[in-house]
Every structure is written in C-alpha cells, then in structure tokens.
Amino acid sequence: MQGREEAEAFTALWGSKPMEKFRAVLDLLLKHHSALGYGLVTLLTVGGERVFSTVVFQCPCSATWNFSYGLVFLLVPTMVLFLLGYVLSARTWRLLTGCCARGAHTDCGSGLRGALVCAQLSGVAAIAPLTWVAVALLGGAFYECPASGSDVLARHLCLGRDPDCATQLPLVPCGKARSPDAQNLLKELRAQSQVLGWILIAAVIIFLLIFVSLTRCLSPVSFMQLKFWKIYLKQEQQILKSQATEHATELAKENVKCFFECSHPKEQTTPSMKDWQQISLLYTFNPKEQYYSTLHKYVDRKEKSQSVGSSEGDAVIPVLDFVDSHGMNTTAEL
C-alpha cells in the first residue's frame, strides 16, 4: 500500500510534468503550423539550392553555353517550385475538382473573384521560388555563369579594360581566365549577384508587409472574431472527420455483412452528390450573413431552401483565405 502511494506521488511529481510540456509544445506547433510550414519550405529550398550549386552545377565556361546553362539552373527550378506550390495547395484542388465535368454545379471561379483566388494562390506558391532565386543570387554561382556569357554585360564589364577581356570573361567563373583583371571581374560579378539578391529579399519583405497590413486594415472581421473563427474551423473539421470516419465505417460494415450473408442492406442516410458539391465550394464572405465555413452556410441555407452558390454581396476576402485551407482540406489527405 505504501509502495503504491509512493509510486503515485512520484508519477504526480515527475510523470505529469513531461506530459504537460509535451502538450504545450504540441499546442504551440498546432497554433503556428502555417508559419512552421513556410519555414520548413524555406529551409528545404535553401538546402536544395546549396546541393545544386556545389554538387550538380558545373559552369561550362563557354561563350556559347554559359548564358543558357546558367539561366536553366536559375529559372527551371524556380518554375518547378512555383508549380509545386499550386499542386500542394488544397485550395487549388478545391477550386478545380469537378468544375469541368458536364453539368457540374461547382463554380470554377469567374470574373474578379476568380482573379482574386488565383492571385492568392500565386502569392503562396511564389514563396519557395523567390527563396530559391534569392539564395542563388546571394551564393553568386548561378549569376556569374550566365552573366559571363552575356554580350550586353560583357560590353559593360569590359569597358576600359584589357582588349581580350570579352574573350576571357566566359572563363572567369572557372578561374581559367588569363586576363590580369580576372579576379576583379569575378568580384564584380559576385557583387552584382549579391546586391540583386538583397534587393529581391528587401522587395519581397516590403511587399509582404504592405499586403498583410492592407488585408488586416480592410478586414471586415475584428481581431478577436478572427481568433474565434480559427477555433471554430479547427473544431468543425475535427468533428467532420470523426463523423465521416464513423459513418463510412458503418456503411462499409453493413455492405460487407450483406455481401457475405446475402441479405438486404439497412437503409442508411448519406449526403447526396449535390450536398457534397455544395460544401466543397470555395468560401465567400457576405456581411449580411455570418457564416464561419461553407458547411455552416450550407446547413443554414438548406433550412431556408437556398443554394450555397454565389449570391448578392458575396466576396472573396484575402484575410479569410484560411477558411479553405483547414483540417480535412489539406493536400496530404487528398
């Protein structure tokens, strides 16, 4: 008895604290999952650029190939990362899925609202490509190679230098140039690259600051309501996933049971195809009606025999883009 009491006291003293710390860390991760996700994407992009520049990238040091080779390594990964940003966005697939089907009830986005959604998707998708370009420019290798093969830059760099400067310039990135100004040319190319990199970083930060400030300033929803909104969405998606899993399990059990027993299935209520299409639409905000999600809008309007589709006053609000990127809508589950 005494041993049990001592064990319980030990658990109470030491066992609960690690669990509390773990729960606190988990809550912190969930709270800042978006920022951590962007940070992880940035770190992976930086790591990928370093690997490419040190292992894969080998400037040919040829007047014919330098320009095209360098641009391919700088711009093709940028394009790939940009397209991956679209592919990995749940909002992209929520917008596109079923919209081209014959007789589809979903709205593929049109006019100003469609343009706003595409602009928001492009902004998020551009994070990794811009990181790639900025890190590549700061490193210098991906700029030195194409710049040394550019006739326009050669005329500028070789102005007032050795007569063989233009001929030797493509060899500068490899350190094979015999020109006495080779080292100075390399330093100038690297300086140009790094200045462009810092200008790009500063421009992106200033643009993001202005954009976030404007979206918050023009938000029709207060700060505290936004916090409540995110809590509601988290709970709604958890319950939706739980109920969907339970309903799918019951339906699967009933069908398998009827198959093996050769019996007729019990009648089970399942949302219709139209119902699923209605709750899959992109969220639009209407100041006259306070809905916290498309599901919320569907349930309320169904009671009033109204459609969830566009109605007068509906608008896409940039500060509410998180509504379509929550819980079950993540790309990993699609």
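Residues are numbered from 1 along each chain as its sequence is written, and side-chain values use heavy atoms, with hydrogens and water left out. Because the model is predicted, local features need pLDDT of at least 70 and side-chain atom pairs count only at pLDDT 80 or more, while totals for chains, interfaces and linings use all residues.

A disulfide is a covalent bond between the sulfur atoms of two cysteines. Taking a disulfide as a pair of cysteine sulfur atoms within 2.5 Å, the count comes to 3. One of them joins C59 to C145, with an S to S distance of 2.1 Å; at 80 degrees about the S-S bond, this link is right-handed. C59 belongs to the loop between α2 and α3 and C145 to helix α7, 86 residues apart (helices are DSSP runs of H or I with at least four residues, numbered from the N terminus). C145 is buried at 0% relative accessibility, and C59 is buried at 15% (buried means under 20% relative accessible area, exposed over 50% and partly exposed in between, with a 1.4 Å probe and protein chains only).

The loop between α2 and α3 also holds C61, whose partner C174 lies in the loop between α9 (165-168) and α10 (182-217), so this pair ties together parts that are 113 residues apart in sequence. The sulfur atoms of C61 and C174 are 1.5 Å apart. C61 is buried at 9%, whereas C174 is partly exposed at 32%. In the link of C158 and C165, the sulfur atoms are 2.1 Å apart, and -70 degrees about the S-S bond makes it left-handed.

Turning to the rings, the whole structure contains 15 aromatic pairs (rings of Phe, Tyr and Trp, the last by its six-membered ring, with centres within 6.5 Å; planes under 30 degrees apart count as stacked, over 60 as edge-to-face and the rest as tilted). F57 and F142 have ring centres 4.7 Å apart and planes at 70 degrees, so they form an edge-to-face pair. F57 sits in the loop between α2 (33-56) and α3 (66-87), and F142 in helix α7 (residues 141-148).

Elsewhere, ring pairs link F228, W229, Y232, Y283, F285, Y292 and F322 into a cluster. Within it, W229 is buried at 1% relative accessibility and F322 at 13%.

Notes. Helix = DSSP H or I, 4+ residues; strand = E, 2+ residues; numbered from the N terminus.
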